[in-house]
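Hi everyone, thanks for coming.

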Amino acid sequence: MKKSILIIAILLFLAAGAAYADDASHAFAEALTAAHNDENNFAFMQFRTFLQEYPESKYAQQAMFAIGEYYFMSANYSQAKETFYKFIEKYPDAASRIFAMAYLLNMASRLSDNKASLDIQKKIINFTRLTLLFRKSKEYKYASAFNKKLVAVYSIDSIKFYAQDKLFAEISY
Amino acid sequence: MRKTNYSRKFPTNIKLSLFALLIFLLGAFIAINLLLSSLKQDISGLIARFIPATVKIGNIFYLPPDSIIVKEVDFNASAGQKDNTVFSIPALTLKFSLRKIFAQHNFIVDRIGIYGFQADYHRLSYYCRQNWEGIKKLISIIPQEDIKLTAKKTNIFLAQNKKLWLIDSSFTFEKKGDLLTCEGSSFIDEARGLTNGQLSSPRTHSLPFNYSLQISYKPGHLSFTNLELKRENLYLKLWGDFAANTLKLNGFAFMKTLPKESGRKKNLSVPLRVFSAENKELPIKEAGYLPGADLYLLDINLAARLALPQVTIDRFNFSLNKNPAALKGSIVFSAPFSVDLEYYYGIKSPARYTAHNIKDIKGHIKGSFGNAIIEASGIINIGLDLKKKDGLTPQELVLKYSGLNALIDRQVRVKIEGLEINYPMGRDLCVIPLKNFQAVCETGKINNCLLLYQAQYWDGLLKGMASIDMRFPFPISAKAELKGVSADNLKSVLIHFAKVHGKLSAELNFTNKNRISTDGSMHIKNGFLENFDFFKWLADTFSIPGLRKINFSSASSDFYINELNCGLRNMDLEAPKLKLQGYFDLDNNDLVHSKILLSMDKQLLRESPKFIRLLNVLGKHAPDFQFNFQLSGYLERMNFLWLKSDFKEAVQSAIPGFVQRNIEKEVEKTIQSIP
């Protein structure tokens with residue numbers, strides 16, 4: 001009798017977990033669809049709600065990056081900076097981390113914040129250790145939730161960031 | 001009737017009276033002079049009761065109406081010894097008050113004139129130190145009446161640095177109630193010495209030191225209301241008090257460090273202003289005490305305990321050209337003059353010739369000075385204010401010296417048994433140990449010292465020259481040459497040298513003018529590299545054991561270090577199976593800029609199973625292996641680019657693109673794994 005109760009409890013827990021995951025995926029997909037449809041304000045609110053309700057979801061880092069990107073697009077640089085700094089701290093292994101730093105570099109340059117600019121430049125340069133034997137450069141790519149195609153090109157003595165194929169930030173050393 | 005002749009009788013009486021008075025005065029004059037003459041022995045005896053001395057008086061006589069003249073006074077340390085004269089006075093005048101004699105029946109000398117006092121400084125100061133208690137007792141029996149002492153042509157001889165100096169002073173000292181004042185001037189000149197007992201004309205003619213002193217005296221307490229010292233290149237003013245053996249002084253001084261000595265006839269052109277108690281702390285721009293002064297000692301605050309010959313300085317704070325300075329310790333004013341002092345000088349307002357990157361200098365010195373020889377040991381800690389604060393740039397420089405012996409003559413000759421220069425670099429302490437340091441300092445030019453030096457550095461020899469600007473804080477331009485030192489010993493300066501073996505020779509230029517900068521070149525012949533980081537990495541990554549130890553015939557490089565960057569230029573390593581050329585720069589942000597050309601012999605490459613396959617693919621006509629690469633990024637995570645070369649083109653054309661990508665991924669994975 002006890003054994004069957006235990007099995008039923010485990011099944012219920014797994015079912016609830018699956019339902020939770022489904023809900024999170026659904027909520028993120030809705031936000032993503034809004035972003036793809038250029039309903040940026042609506043998408044931003046959905047990403048924010050999603051992050052509040054599912055902070056541990058596998059989509060949470062994409063949502064947080066999207067929130068930071070929205071603030072940047074709205075020229076709300078203080079909120080954008082706060083969000084991106086939180087992002088790179090919370091997700092040190094995220095593939096999009098380098099682009100969060102690119103946004104921070106762009107803002108430091110816009111706000112003439114040299115100290116922040118030097119600090120973030122160092123982080124970007126140290127992001128990877130380049131070994132270019134046959135290639136001349138190495139590229140990192142990321143498609144953001146707001147449908148932005150972000151590219152980082154690492155050469156031996158420069159790093160260039162492109163957003164939608166337009167040069168967006170650059171470091172020479 | 002006989003007429004009375006009044007006109008004849010009266011003159012006769014006057015004449016008689018005058019004659020009688022003359023006889024009386026003459027008798028009194030003779031009697032007084034006989035009495036004075038008989039006092040010669042008594043005076044000597046009286047003095048001898050307090051201090052061991054024999055006083056020879058040539059002549060003593062009364063000069064009416066109120067003077068006593070004493071001639072040819074010789075004050076000898078003790079009887080029966082030749083050449084033991086402490087001082088001599090050719091002429092001495094004592095003046096007394098006739099009024100006090102007749103009104104108060106009191107014989108009081110109230111004016112003393114001394115002419116031509118002569119003494120040897122060392123003998124006089126030694127005698128005074130030895131008999132100080134007796135001198136104090138002798139002074140205490142002198143009636144404490146108002147007195148004025150005037151001294152002219154007071155000549156004190158000082159033998160120093162194989163030269164004879166003459167201190168020629170004239171001054172007036174006056175005691176009036178509780179107030180003591182002294183005013184006078186002194187010339188300090190190099191003397192030719194005495195010829196037939198007469199002073200020859202001095203070799204030099206200096207400008208005088210003028211001084212004035214005003215002291216308020218109460219039992220157990222002296223209050224210095226004014227102490228002034230003036231010269232063309234110096235103005236000093238002090239005030240304070242002395243009680244319970246403790247001297248407290250405040251004051252300020254101005255100096256010109258470029259003195260212009262000229263003839264004695266030239267007038268003193270220093271427009272000195274009169275001080276009042278209210279304007280003691282005038283700002284420098286208003287002061288004008290010494291126009292053209294370039295050294296300001298302001299806010300002097302001294303507290304010192306006197307137990308002569310020792311003076312213990314509890315506090316001596318002042319600002320030197322607006323920079324804080326402090327001294328603490330003890331000084332012994334006896335032969336040999338010795339000090340045990342801690343000092344501090346902070347640089348907040350660098351002068352135009354200041355080494356801007358020195359933050360402060362502090363240290364300790366224990367030593368002595370006598371017969372023109374300084375003996376000392378101590379430590380000098382130089383705090384640096386370099387822009388870069390990343391742990392790789394030293395923030396302080398420490399010089400420890402022991403067994404310093406400096407002979408000060410026309411040249412200054414310095415010997416230091418042990419001199420250690422150290423500075424923290426990151427977590428390590430870099431040490432430059434020098435033994436038997438010897439230097440000669442030529443001080444021919446004003447404000448400049450040319451230093452020629454040599455020292456034993458590990459098993460090699462360091463020698464060179466330095467030009468030191470003697471104006472604080474001593475900007476230096478130096479050249480050094482290092483010969484025959486085992487390169488691995490230099491690990492105490494740069495840890496990478498631990499893996500470099502062979503005899504190293506180097507040339508080095510150093511300056512701290514405007515900013516600290518070092519550059520030079522080094523060369524090692526017939527040495528070897530063992531487990532040198534870069535080659536060890538190559539050996540491990542590409543399985544080439546021959547790179548673990550590389551015997552080379554010649555390795556050389558230029559180097560430079562300054563506040564903004566450092567690096568190696570014209571690197572050149574010649575080994576039988578390997579050649580390396582290139583440069584490596586590291587900038588202020590620790591970013592690397594480097595290009596290196598590495599050529600390896602095919603025979604060496606055949607040691608590697610990986611390269612054997614590659615060489616087989618390339619075939620017999622493969623070009624020489626020239627690995628031409630560029631490094632960039634931060635030192636701790638350098639990026640790597642294989643630059644274009646014939647060899648690279650041959651490799652690229654021999655292997656398909658997807659294989660290139662696989663190789664690249666593998667190498668990248670390997671490099672990423674390196675911490």
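Let's start in chain A, with strand E3, residues 149-155, and strand E4, residues 158-163: these two run antiparallel and are joined by five bridges. If you want one pair to find on the screen, look for Leu150(A), which sits opposite Ala163(A) in E4(A). Before I go further, please keep in mind that this is a predicted model.

E3(A) and E4(A) belong to an open sheet of four strands, ordered E2-E3-E4-E5 in chain A, with antiparallel pairing. Which strands stand at the edges? They are strand E2 (137-143) and strand E5 (166-172) of chain A; each has a single partner strand, so one side of each is left without a neighbour in the sheet. From one strand to the next, the twist averages 15°.

Next, look for the helix on this sheet. H5(A) lies across E2, E3, E4 and E5 of chain A, and runs at about 85° to E5(A). H5(A), residues 97-110, also meets another helix, H4(A), residues 77-90: their axes come within 9 Å and cross at roughly 145°. That crossing is left-handed. On the H4(A) side, the residues taking part include Tyr77(A), Phe84(A) and Ile88(A), while the H5(A) side includes Ala100(A), Leu104(A) and Met107(A). What kinds of residue make up this contact? There are 11 nonpolar and three charged residues, and no polar ones.

Let's move over to chain B. It has 675 residues, and 15% of them are buried. Its secondary structure comes to 10 helices and 34 strands. Among contacts in chain B with a separation of 6 or more, 43% are between residues 24 or more positions apart.

One strand to pick out here is E6(B), residues 147-160. It pairs in the parallel sense with strand E4(B), residues 109-115, over five bridges, and there Tyr115(B) stands opposite Lys152(B). E6(B) also runs parallel to strand E5(B), residues 118-120, with three bridges joining them; in that pairing, Ala119(B) has Ile156(B) as its bridge partner. Then there is strand E7(B), residues 163-176, which pairs with E6(B) in the antiparallel sense over 12 bridges. Here Thr154(B) stands opposite Ser169(B).

So where do the two chains meet? The contact takes 18 residues from chain B and 13 residues from chain A. On the chain B side, the elements giving two or more residues are strand E33 (625-634), strand E34 (639-642) and helix H10 (657-673). H10(B) gives the most, with seven residues. That side of chain B divides into eight nonpolar, seven polar and three charged residues.

There is strand pairing between the chains as well. Strand E1 of chain A, residues 131-132, runs parallel to E34(B), and two bridges join them. You can find Thr131(A) opposite Phe640(B).

Finally, a word on confidence. The model scores ipTM 0.78 and pTM 0.67. Chain B averages a pLDDT of 82, and 86% of its residues score at least 70. Over residues 261-286 of chain B, though, the pLDDT is below 50, and this stretch has 22 contacts in the model beyond near neighbours in sequence. Where pLDDT is low, the predicted coordinates should not be read in detail.

That's my tour, and I'm happy to go back to any part of it.

Terms used: Residues are numbered from 1 along each chain as its sequence is written. Chains are lettered from A and ligands numbered from 1 in the order in which they are written. This is a predicted model: local features need pLDDT of at least 70, side-chain atom pairs count only at pLDDT 80 or more; totals for chains, interfaces and linings use all residues. A residue is buried if 20 or more other C-beta atoms lie within 10 Å of its own, exposed if 12 or fewer, and partly exposed in between; C-beta atoms are placed from the backbone. Two residues are in contact if their C-beta atoms, placed from the backbone, lie within 7 Å. pLDDT is the predictor's confidence in each residue, from 0 to 100. Ala, Val, Leu, Ile, Met, Phe, Trp, Tyr, Cys and Pro count as nonpolar, Asp, Glu, Lys and Arg as charged, and the others, Gly among them, as polar. Two strands pair if DSSP finds at least two bridges between them. Axes are lines fitted to C-alpha atoms, for helices over the stretch in contact, and angles run from 0 to 180 degrees between N-to-C directions. A crossing is left-handed if the near helix is turned anticlockwise from the far one by less than a right angle, and right-handed if clockwise.
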